[in-house]
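Trainee: I'm new to this one and would like to learn how to read it. Can you walk me through it piece by piece?

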Amino acid sequence: MEVPSVTAPDCRRCVHYYITHDASFLYGCRSLNFKSRQLPMYAVLEASGEACLAFTPKKPAVPGPRT
């Protein structure tokens, strides 16, 4: 698969991204309510020609106290 030239947000850093347990469609987007064989950012870019507008970055992990 050819990588698009448009800079798309990275799904793995989005709060809406999830891994499904469906072998046919491994990746999903809760915001846009779909599953895909490819990362949702590529499916959105292919369908609309634009980067995903639903991207919401995850909050950084806060390290917990060490015991």
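Trainee: Let's start with the helix. What covers the buried residues of H1?

Mentor: The cover includes strand S1 (17–22), strand S2 (25–29) and strand S3 (34–36). Keep in mind that this is a predicted model.

Trainee: And which residues of H1 are buried?

Mentor: Start with the general idea: an α-helix has 3.6 residues a turn, so residues three or four places apart point the same way. Here, the buried residues in H1 are Pro 40, Met 41, Ala 43, Val 44 and Leu 45.

Trainee: How do these elements follow one another along the chain?

Mentor: Reading from the N terminus, the order is β-β-β-α. That gives the protein chain 3 strands and 1 helix.

Trainee: Which residues make up the largest nonpolar core?

Mentor: In soluble globular proteins, nonpolar side chains tend to be buried together. In this model the largest such core has 5 residues: Cys 11, Cys 14, Tyr 17, Leu 39 and Met 41. Met 41 also belongs to the buried set of H1.

Trainee: What does Tyr 17 touch, leaving out residues up to four places away in sequence?

Mentor: Its partners are Cys 11, Arg 12, Tyr 27, Gly 28, Arg 30, Leu 39 and Pro 40.

Trainee: Now the loops. How should I read a phi value?

Mentor: Most residues other than glycine have a negative phi. Asn 33 is not a glycine, yet its phi is positive, about 60°. You'll find Asn 33 in the loop between S2 and S3.

Trainee: Is Asn 33 buried or exposed?

Mentor: Exposed, because its relative accessible area is 68% and the cut-off for that label is over 50%.

Trainee: What about Ser 31?

Mentor: Ser 31 sits in the loop between S2 and S3 too. With a relative accessibility of 37%, Ser 31 counts as partly exposed. Leaving out residues up to four places away in sequence, Ser 31 touches His 16 and Ala 54.

Trainee: How far apart are Ser 31 and His 16 in space?

Mentor: Their C-alpha atoms are 5.6 Å apart, although 15 residues separate them in sequence.

Trainee: Where is Gly 49, and what is its phi?

Mentor: Gly 49 is in the segment after helix H1 (40–48), and its phi is positive, about 80°. Gly 49 counts as partly exposed because its relative accessibility is 48%.

Trainee: Which loop holds Arg 37?

Mentor: The one between S3 and H1. Arg 37 is exposed, with a relative accessible area of 63%. Apart from residues up to four places away in sequence, Arg 37 touches Ser 24, Phe 25 and Tyr 27. Tyr 27 is also among the partners of Tyr 17.

Trainee: And how far is Arg 37 from Pro 63?

Mentor: They are 26 residues apart along the chain, with 33 Å between their C-alpha atoms.

Trainee: What share of the residues is buried?

Mentor: Of the 67 residues, 25% count as buried. The chain exposes about 5300 Å², and carbon and sulfur atoms supply 55% of that.

Trainee: And the charges?

Mentor: The chain has 8 positive and 5 negative charges, and the mean positions of the two sets are 16 Å apart.

How values were computed:
Residues are numbered from 1 along each chain as its sequence is written. This is a predicted model: local features need pLDDT of at least 70, side-chain atom pairs count only at pLDDT 80 or more; totals for chains, interfaces and linings use all residues. Side-chain values use heavy atoms; hydrogens and water are left out. Helices (H or I, at least four residues) and strands (E, at least two) are DSSP runs, numbered from the N terminus. Buried means under 20% relative accessible area, exposed over 50%, partly exposed in between (1.4 Å probe, protein chains only). Accessible areas come from the Shrake-Rupley method with a 1.4 Å probe; for residues, only the protein chains shown count as cover. Lys and Arg count as positive and Asp and Glu as negative; His and the chain ends are not counted. The place of a charge is taken as NZ of Lys, CZ of Arg, CG of Asp or CD of Glu. A nonpolar core is a set of buried Ala, Val, Leu, Ile, Met, Phe, Trp, Tyr and Cys residues joined through side-chain atoms within 4.5 Å. Contact means heavy atoms within 4.5 Å.
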